[in-house]
Amino acid sequence: MTRPVHKPSRRAAIKAGLAAGAGLAISNRLELFAEEVARQQELPLVTTVIPRTGERIPPVGLGTNRYSVNAPADIENLCNVLKTLTDRDGSVVDTARGYGRAEEVIGGCMTENGNRDEIFLVTKYTESNGRRRGSGGAPVDHMAQIELAFERLQTDMVDVMLVHEVGDAANLLPMLQELKATGRFRYVGVSTSSDRDYRDMAPFLSRGELDFLQVDYSIGNRSAEERMLPLALEQGTAVVCNLPFGGRRNSVLSEMGDAPLPGYAAEVDCTSWAQLYLKYLASHPAVTAVIPGTTKVEHAIDNNGATRGRMPDAAMRARIESTYAEIAGV
Ligand SMILES: NC(=O)c1ccc[n+]([C@@H]2O[C@H](COP(=O)([O-])OP(=O)(O)OC[C@H]3O[C@@H](n4cnc5c(N)ncnc54)[C@H](OP(=O)(O)O)[C@@H]3O)[C@@H](O)[C@H]2O)c1
């Protein structure tokens with residue numbers, strides 16, 4: 001018996017052709033990305049200085065406020081992101097007690113990857129994180145709560161411990177300073193992601209009480225430049241920038257839409273908008289590190305490209321600002 005020959009319809013043939021074309025386009029794009037990445041890896045690594053000690057760190061790290069996952073496949077993916085960071089000479093990892101299971105996930109990944117020593121670990125603690133439900137207002141044992149953070153992170157030393165909420169700083173900073181003296185933390189400070197906190201943050205900065213300040217700073221949100229960054233520079237406080245792309249909604253990068261990267265980006269060895277805007281932040285004289293949040297290996301590789309090659313000078317920073325204003329229409 002002869003089998004009927006199934007001839008694909010014209011529409012199916014066009015669809016198949018398009019899919020093959022798209023597949024080719026994707027594989028070409030990936031090849032191009034791999035070539036760019038390999039070229040960038042050859043460029044010299046940039047480092048910034050922590051003013052209190054002179055220690056040098058690479059300026060682009062990793063934010064982890066979406067690392068509260070449970071599924072083994074999700075954990076494996078995040079471990080790969082963390083490994084990608086250190087494999088490419090990145091080091092700063094920012095997390096917090098307030099990010100659900102993130103500290104636990106990172107602790108597990110560092111043990112699994114064996115890369116704790118390559119990571120400059122920043123975490124945060126605040127009063128409300130230590131408050132037990134139903135404790136009836138009983139005083140919180142902060143020391144015990146902080147010990148739990150070491151357990152979750154599977155380490156006996158945290159590089160930077162920050163008070164997560166400025167309102168709790170007067171109460172918690174002295175305790176963190178004490179723990180720093182015993183060697184459990186190397187640096188302490190305070191973190192915010194809101195302009196509204198700057199007024200309360202300023203006195204801690206002015207009194208020189210912060211080794212580190214973490215503050216929201218992106219090309220689309222530059223209010224930290226007015227008072228926070230100059231004060232930090234004056235006081236020798238290291239600055240870590242959170243929300244470098246404007247947060248989860250990823251507004252700075254989405255605002256660029258399909259706009260092509262300006263030709264001058266090559267003068268500072270950038271091959272993506274993400275790299276250009278990360279270098280913009282990292283080249284501010286007060287900035288020590290930038291912590292773009294990502295859950296994707298490909299984005300971690302892209303972001304890490306901003307730790308290599310030439311950095312923008314003041315004139316280039318002004319150019320980047322104009323380009324952003326023009327495209328974002330601000
Ligand atoms: N008060 C505080 O102390 C405070 C407050 C907020 C945040 N933080 C810290 O700051 C970190 C950064 O903030 P954030 O994560 O909220 O916002 P963000 O870094 O400004 O932006 C993160 C977004 O950008 C995307 N992204 C990252 N790299 C990309 C790339 N190369 N190309 C395209 N998209 C890219 C991410 O998606 P993908 O996952 O898909 O890459 C995510 O949607 C946090 O993770 C946290 O550690 C601290």
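Analyst: Helices (H or I, at least four residues) and strands (E, at least two) are DSSP runs, numbered from the N terminus. This is a predicted model, in which local features need pLDDT of at least 70 and side-chain atom pairs count only at pLDDT 80 or more, while totals for chains, interfaces and linings use all residues. Residues are numbered from 1 along each chain as its sequence is written. The protein chain has 12 helices and 10 strands.

User: Where does Asp-89 lie, and why is Asp-89 called partly exposed?

Analyst: Asp-89 sits in the loop between helix 2 (72–87) and strand 4. A residue is buried if 20 or more other C-beta atoms, placed from the backbone, lie within 10 Å of its own, exposed if 12 or fewer, and partly exposed in between. Asp-89 has 16 C-beta neighbours inside 10 Å, so Asp-89 counts as partly exposed.

User: What is the phi of Asp-89?

Analyst: The phi of Asp-89 is positive, about 70°, although Asp-89 is not a glycine. Most residues other than glycine have a negative phi. Leu-243, also not a glycine, has a positive phi of about 50°. Leu-243 is in the loop between strand 9 (238–242) and helix 9 (251–255). With 23 C-beta neighbours inside 10 Å, Leu-243 counts as buried.

User: What makes Gly-189 buried?

Analyst: Gly-189, in strand 7 (residues 185–191), has 28 C-beta neighbours inside 10 Å and therefore counts as buried. Two residues are in contact if their C-beta atoms lie within 7 Å. Leaving aside neighbours within four places in sequence, the contacts of Gly-189 include Val-160, Leu-162 and Leu-210.

User: Why is strand 5 described as largely enclosed by the rest of the structure?

Analyst: Six of the six residues of strand 5 (residues 120–125) are buried, so strand 5 is largely enclosed by the rest of the structure. In a regular strand the side chains alternate between the two faces of the sheet. Here Phe-120, Val-122 and Lys-124 point one way and Leu-121, Thr-123 and Tyr-125 the other, and all are buried.

User: How do you know that strand 5 pairs with strand 6?

Analyst: Two strands pair if DSSP finds at least two bridges between them. Strand 5 and strand 6 (residues 158–163) share four bridges and run in the parallel sense. Within that pairing, Lys-124 stands opposite Leu-162. Strand 4 (residues 92–94) is joined to strand 5 by three bridges, also parallel, and Val-93 has Leu-121 as its bridge partner.

User: What makes the unit of strand 4, helix 3 and strand 5 right-handed?

Analyst: A crossover is right-handed if, with the strands pointing away from the viewer, the path from the first strand over the helix to the second runs clockwise. Strand 4, helix 3 (residues 102–113) and strand 5 form a β-α-β unit of that hand.

User: Which residues have the most contacts inside the largest nonpolar core?

Analyst: A nonpolar core is a set of buried Ala, Val, Leu, Ile, Met, Phe, Trp, Tyr and Cys residues joined through C-beta atoms within 7 Å. The largest has 80 residues, and Val-239 and Tyr-277 have the most contacts inside it. Helix 10 (residues 273–282) gives the most to this core, with eight residues. Leaving aside neighbours within four places in sequence, Tyr-277 is in contact with Ile-219, Pro-244, Phe-245 and Val-252.
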